[in-house]
Amino acid sequence: MNLKRLGIYLNDHLMGSTVGVDLARRTERENRSNPVGQYLGTLVPLLEQDRATLLAVMAALDVKPDPLKVGGAWLTEKLSRLKLNGSWLRYSPLSRLVELEGLCVGSHGRVSMWRSLERVAAKDPRLQRFDFGFLAERAEGQLLTLQNLRLRATDTAFADTSVETGEAPVPTEA
């Protein structure tokens with residue numbers, strides 16, 4: 001087993017996990033009064049658990065967290081808040097959609113990581129104490145829920161608001 005490549009791989013996922021946990025916390029705060037926030041209120045502690053498990057895997061393999069990648073993840077999440085969402089001063093339905101898409105991408109990554117580590121654990125006794133199959137299945141279920149919430153957020157983000165405001169809809173070009 002190439003421990004150097006595995007260490008890079010795990011640090012890349014640690015970076016993604018850092019971004020994902022921060023994104024989930026922020027999205028939960030912005031959506032406390034709706035189903036997205038309610039679901040994320042239960043998901044955030046599980047994402048934190050997954051991150052702790054990843055750190056335990058790294059420790060079991062004597063892989064040190066890369067401070068540049070972790071710091072870069074923190075910075076990436078903060079910079080992602082600057083995206084244009086159609087509303088300069090407040091959270092918008094487009095913000096919710098883009099954030100849920102980011103959480104879906106991260107969940108795909110978690111599923112892949114746990115499945116890859118499941119294969120590595122079959123050859124490395126240091127990893128056999130981790131239930132990667134369970135973690136992958138749990139992440140798959142979380143991804144399914146996030147995708148359903150994302151589809152609902154899509155409907156909201158692109159709804160014809162002219163019905164609500166009394167404005168004429170903006171015509172679309174053919």
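Biologist: Is the crossing of H1 and H2 left-handed or right-handed?
Modeller: In this predicted model, H1 passes H2 in a left-handed crossing.

Biologist: And which residues make that contact?
Modeller: On the H1 side they include Leu10, Leu14, Val21 and Ala24, and on the H2 side Val36, Leu40, Val44 and Leu47 are among them. By class, the residues of the H1 and H2 contact are 12 nonpolar, 8 polar and 4 charged.

Biologist: At what angle do the axes cross?
Modeller: Roughly 160°, and the axes of H1 (residues 3–30) and H2 (residues 35–60) come within 9 Å. Angles over 145 degrees count as roughly antiparallel, and H1 and H2 are therefore roughly antiparallel to each other.

Biologist: OK, what about H1 and H4, how do they cross?
Modeller: The H1 and H4 axes cross at roughly 145° and come within 10 Å. That crossing of H1 and H4 is left-handed.

Biologist: Which residues meet there?
Modeller: Among them are Leu6, Tyr9 and Leu23 in H1, with Leu103, Met113 and Leu117 in H4. The H1 and H4 contact has 9 nonpolar, 7 polar and 2 charged residues.

Biologist: New topic: what volume does the largest pocket have?
Modeller: About 350 Å³. The largest pocket has 22 lining residues, and Gly16, Ser17, Gly20, Gly106 and Arg110 lie nearest its centre.

Biologist: Which helices supply the lining?
Modeller: H1, H2 and H4 (93–121) each give at least two residues to the lining of the largest pocket. That lining divides into 10 nonpolar, 8 polar and 4 charged residues.

Conventions:
Residues numbered from 1 in each chain as written. Predicted model: local features only at pLDDT ≥ 70, side-chain atom pairs only at ≥ 80, totals over all residues. Heavy atoms only, no water. Axes fitted to C-alpha atoms, helices over the stretch in contact; angles between N-to-C directions. Helix = DSSP H or I, 4+ residues; strand = E, 2+ residues; numbered from the N terminus. Parallel < 35°, antiparallel > 145°, perpendicular 65-115°, else oblique. Left-handed = near helix turned anticlockwise from the far one by under 90°. Contact = heavy atoms within 4.5 Å. Nonpolar A, V, L, I, M, F, W, Y, C, P; charged D, E, K, R; others polar. 1 Å grid on protein atoms, 1.4 Å probe; cavity = no way out; pocket = protein on both sides within 12 Å on 5 of 7 lines; lining within 4 Å. Points joined across faces, edges and corners; volume = space filled by probe spheres on them.
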